Amino acid sequence: MISINVDFPAPFLAIIATFCPSVTEKLIPSKRASSPQYFERFSTCRYVIINYKNYSGKINTKIYKRDLNFNPRLKREHMEIKERFAKVIEWFKVNMPVAETELHFNSPYELMVATILSAQCTDKRVNQITPELLKRFPTPEKLAEAEPAEVFDYIRSCSYPNNKAKHLVGMARKLMADYNGKMPDELDELIKLPGVGRKTASVIASVVFNKPAMAVDTHVFRVAARIGLSINSKTPHETERQLMANIPAAMIPIAHHWLILHGRYVCVARKPKCEICGLQPLCTYYNNVCK
Ligand code: SF4
C-alpha cells in the first residue's frame with residue numbers, strides 16, 4: 001500500500017493513479033520516497049491508497065487497484081517474488097527436511113487441546129501441562145462432562161487459564177453434540193468450535209489432516225515479512241493469503257513449520273541471528289537493513 005498526501009485535485013489524482021501507477025510513486029512528497037527500501041517494499045503493491053485534499057480542503061481517501069501487467073517494472077518485480085519463493089522453499093527443503101510441531105500429542109483431540117493451550121504460551125509450558133490434563137480427561141467425552149473450574153486447576157500455570165478452561169470444555173461439548181466426538185477435518189467446521197480461531201483450525205487441518213492450511217502466528221507473520229515472502233502485509237490474514245498464493249499446496253503444511261521454527265530459533269523477534277542464517281542472500285530485511 002502506498003499512502004501519499006498531496007494537494008492535487010481528486011480527478012487529476014484519480015487519472016494518474018489509475019493509468020500511471022508508476023508516476024504516482026514519483027509524486028510522493030515525503031522523505032520516504034527517496035528511500036530504496038521504500039520502493040522495494042511497496043513496488044509490487046496491487047493497491048494504492050491516496051489521501052488527498054478536495055477543493056474545500058477536506059481530506060478524502062481513495063483506493064485504486066493497480067494492474068501489475070500494465071507496468072513492466074511491477075510485472076518484473078512480481079516475477080522476482082515468485083523466484084524468491086522458489087529459492088526459499090528450495091533452501092528449506094535442503095536445510096530443514098524435517099519440520100514438525102513441537103507440541104506433544106497422540107490424537108487429533110490431544111493436538112486440539114494442546115493448540116488451544118498454546119495461544120500466548122510456550123510449547124514447552126504446554127507440554128508440561130498436557131500429560132496430567134489428558135490423563136484426567138483422555139477423551140472429548142470426559143472433558144465435556146467436566147466443569148471449567150476443574151479444568152482450571154490443571155492448566156493454571158499457562159496464560160489465560162480462565163478463558164482457556166471455558167474454551168476447552170466448550171470445544172469438547174460441541175465436539176460431542178455436533179460431531180459425535182470426532183474431530184472435523186475442514187477449516188470451516190473447525191472454526192465453529194469454541195476457542196478455535198483461524199490459526200488453531202489451520203494447525204489442526206494441516207498437522208492432523210495434511211490439508212493446505214497456513215496458520216499465521218507471530219513467527220510466521222514476522223519471518224515472512226522479513227524474508228520478503230509477504231509484501232506490506234498488515235494482518236495475519238493477508239500474510240496467509242500471500243503465502244497460500246505462492247507456495248504449492250502440497251508444501252504448505254511443512255512450510256508452516258519451516259517459518260515457525262526459523263522464527264523461533266534463528267529469525268527471532270528482537271535481534272534476528274542473521275550472522276548464522278543461510279537465507280541471507282534471499283532475505284529482503286538483511287539486504288536492505290543489515291548490510
Ligand atoms: S537473514 Fe536475518 S532477517 Fe533474514 S531470515 Fe535470516 S535471520 Fe531473519
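## Phenylalanine 85

Apart from residues within four places of it in sequence, phenylalanine 85 touches Leu229, Asn246 and Ile247. The structure described here is a predicted model. Phenylalanine 85 belongs to helix H4, which covers residues 72-95.

Is phenylalanine 85 buried or exposed? A residue counts as buried if 20 or more other C-beta atoms lie within 10 Å of its own. Phenylalanine 85 has 22 C-beta neighbours inside 10 Å, so it is buried. Glycine 228 lies 143 residues away from phenylalanine 85 in sequence, yet their C-alpha atoms are 8.8 Å apart in space.

Helix H5 runs over residues 108-117. Eight of its 10 residues are buried, so H5 is largely enclosed by the rest of the structure. The buried residues are Tyr109, Leu111, Met112, Val113, Ala114, Thr115, Ile116 and Leu117.

Which helices do the buried residues of H5 pack against? They pack against H6 (123-136), H7 (140-145), H8 (148-155), H9 (161-179) and H11 (198-207).

## H5 against H9

Two packed helices are described by the angle between their axes and by the distance between those axes. The axes of H5 and H9 come within 10 Å and cross at roughly 155 degrees. Angles over 145 degrees count as roughly antiparallel, and H5 is therefore roughly antiparallel to H9. The crossing of these two helices, H5 and H9, is right-handed.

On the H5 side, the contact is made by Met112, Val113, Ile116 and Leu117. They meet Lys164, His167, Leu168 and Met171 of H9. Sorted by class, the residues of this contact between H5 and H9 are six nonpolar, one polar and one charged.

## H12 against H13

Helix H12 (residues 218-227) and helix H13 (residues 236-246) have axes that come within 10 Å and cross at roughly 60 degrees. That angle makes H12 oblique to H13. H12 passes H13 in a left-handed crossing.

Val220, Phe221 and Ala224 of H12 meet Pro236, Thr239 and Leu243 of H13. In this contact of H12 with H13, five residues are nonpolar, one is polar and none is charged.

## Around the ligand

How many residues are around the ligand? There are 13, and Cys267, Pro272, Cys274, Cys277 and Cys283 come nearest. The elements that give two or more residues to the shell around the ligand are H12 and helix H15 (284-290). By class, the shell around the ligand has 10 nonpolar residues, one polar residue and two charged residues.

Notes. Residues numbered from 1 in each chain as written. Predicted model: local features only at pLDDT ≥ 70, side-chain atom pairs only at ≥ 80, totals over all residues. Buried ≥ 20, exposed ≤ 12 C-beta atoms within 10 Å, placed from the backbone. Helix = DSSP H or I, 4+ residues; strand = E, 2+ residues; numbered from the N terminus. Contact = placed C-beta atoms within 7 Å. Axes fitted to C-alpha atoms, helices over the stretch in contact; angles between N-to-C directions. Parallel < 35°, antiparallel > 145°, perpendicular 65-115°, else oblique. Left-handed = near helix turned anticlockwise from the far one by under 90°. Nonpolar A, V, L, I, M, F, W, Y, C, P; charged D, E, K, R; others polar. Near = placed C-beta within 6 Å.
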